[in-house]
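Dear colleague,

Please find below the structure that I am handing over to you. My findings follow it, and I would ask you to read them with the sequence at hand.

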Amino acid sequence: MEDITFKRNLDQSNSSIVAVEQEKEVGRIEFSLQSSKLTINHTEVSPEKRGGELAKTLVFKTKELSEEKNIGIESNCPYAKKVLQKEKE
């Protein structure tokens, strides 16, 4: 992920972290941000980036955000839920 940058868009009901490579969006994680918790709703990676670490990195960046804000994290997205569960083990 040498040339990928991550941009945060923080809005109460429709927040995201977007992965950008050469000015093109290659991944995105969408979540809702409330005062007591962050809820991941959707994770998406462009076809050419699938199978790598990008989706997992997006989940971890979202987890870092929840830690920065000192709030809990949960997921409605099956992929993110699996990644977060594995990290707990």
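**Findings**

This is a predicted model, and the mean pLDDT of the protein is 93, with 97% of the residues at 70 or above. Of the protein's elements, strand β2 (residues 15–21) has the highest mean pLDDT, 97. The lowest, 92, belongs to helix α2 (residues 78–88).

**Two residues with positive phi**

Please look next at Q22, which is found in the loop that links β2 to β3 (24–33). Its phi is near 50°, which is a positive value in a residue that is not glycine. Is Q22 buried or exposed? Because its relative accessibility is 70% and exposed means over 50%, Q22 counts as exposed.

N70 also deserves a visit. This residue sits in the loop between α1 (54–68) and β5 (72–75). The phi of N70 is positive, near 60°, and N70 is not a glycine either. With a relative accessible area of 71%, N70 is exposed.

**A residue between β1 and β2**

The loop between β1 (4–9) and β2 contains D11. The relative accessibility of D11 is 40%, so this residue counts as partly exposed, a class that lies between under 20% for buried and over 50% for exposed. How far apart in space are D11 and L33? Their C-alpha atoms are separated by 7.1 Å, while the two residues are 22 residues apart in sequence.

Yours sincerely,
A colleague

Terms used:
Residues are numbered from 1 along each chain as its sequence is written. This is a predicted model: local features need pLDDT of at least 70, side-chain atom pairs count only at pLDDT 80 or more; totals for chains, interfaces and linings use all residues. Side-chain values use heavy atoms; hydrogens and water are left out. pLDDT is the predictor's confidence in each residue, from 0 to 100. Helices (H or I, at least four residues) and strands (E, at least two) are DSSP runs, numbered from the N terminus. Buried means under 20% relative accessible area, exposed over 50%, partly exposed in between (1.4 Å probe, protein chains only).
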